[in-house]
Amino acid sequence: MTPKWKFEDINWTLFDAQKVNPDILKIIKAGSVVEHNGADYGAYLCNVFEGDELFQKEINSWEKDEIKHGKTLAKWVELADPSYNFEDRFKAYREGFPIDTMTKDSIRGSCGAELLARCMVEIGTSSFYSAIKDATDEPLLKHICGKIAADELRHYKLFYTHFQRYQGKEKLTIFKRFKVAVSRILENEDEELAFAYYIANNEKGPFSCPYYTKVYGRVVYQCYQKIHVERGIALLCKAIGINPRGVLQKILSFVASYMLTTKAREYTKALQGG
Ligand SMILES: [Fe+2]
Ligand SMILES: [Fe+2]
């Protein structure tokens, strides 16, 4: 997979400090440390796919893309907040959230299931960057998020292609595929993003996963529009093998949009102590 753009291609002169939204800035700080940790995820995947040299090669370029995302976001954050010490925050993140890179077995149970879970991650990130791109008024962040969202969509296609290869052998049932997809999506409310937010923003006091899940979710869920959800669900349907333009896609899109709106409202209320 050849990279479509380089760090040097970013037009940094677009930056407009007046248009930085402080809530979005905090979310992007979290994104910078998670993305930059791509090498650890890459090492994990190379172990799980030991012997599959074709795929391992793809993983190496995928990993470089993710690190480039982290570096680009960190540079944007440093423009928006010159006090941000990315190196320091990234080190703290890696220490606090280590990934088991030595395991030989996929935590998803099989290589096919691992690839399907990776498809879900890339759907999540491409939807996330598209939503932030449309939510922010800051021109440089818009420009960066557009480029990253396009990369994430290519990553989805990469994992989907290899998933199909493994699915030919593993033949995971539709029930299993649905289960893997949904369980990976629900993990978005696990510790990783909440902890990344806490660490990247150098928050004071002890870490509380439920609290920071709400702080993070309140901002992010409000950025999603119907179009981002519909596109994401269409990709999910395609990955699990159901019609991406069928009735089920419409029902799932409606449910997902409803859940995002409800959660954004719930979290706002909870954080206001209401
Ligand atoms: Fe990324
Ligand atoms: Fe990605």
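Two residues are taken to be in contact if their C-beta atoms, placed from the backbone, lie within 7 Å. The structure is a predicted model, in which local features need pLDDT of at least 70 and side-chain atom pairs count only at pLDDT 80 or more, while totals for chains, interfaces and linings use all residues. Residues are numbered from 1 along each chain as its sequence is written, and chains are lettered from A and ligands numbered from 1 in the order in which they are written.

Helices are DSSP runs (H or I, at least four residues), numbered from the N terminus. In helix α8 (residues 191-200), E191, L193, A194, Y197 and Y198 meet C209, Y212, T213, V215 and Y216 of α9. By class, this contact has 8 nonpolar, 1 polar and 1 charged residues (nonpolar: Ala, Val, Leu, Ile, Met, Phe, Trp, Tyr, Cys and Pro; charged: Asp, Glu, Lys and Arg; polar: the others, Gly among them). The axes of α8 and α9, as lines fitted to C-alpha atoms over the stretch in contact, come within 8 Å and cross at roughly 80°. The two helices are therefore roughly perpendicular (65 to 115 degrees).

Helix α11 (residues 247-271) reaches 36 Å from its first C-alpha to its last. Its buried residues (20 or more other C-beta atoms within 10 Å of their own) are S253, A256, L260 and Y267, and they pack against α9 (209-223) and α10 (226-240). Just after α11, G273 takes a positive phi of about 75°. Helix α5 (residues 111-135) has 25 residues, of which 21 are buried.

K6 lies in the segment before α1 (22-36). K6 counts as exposed (12 or fewer such neighbours) because it has 9 C-beta neighbours inside 10 Å.

Methods
Expected span 1.5 Å × (residues − 1). Axes fitted to C-alpha atoms, helices over the stretch in contact; angles between N-to-C directions. Parallel < 35°, antiparallel > 145°, perpendicular 65-115°, else oblique.
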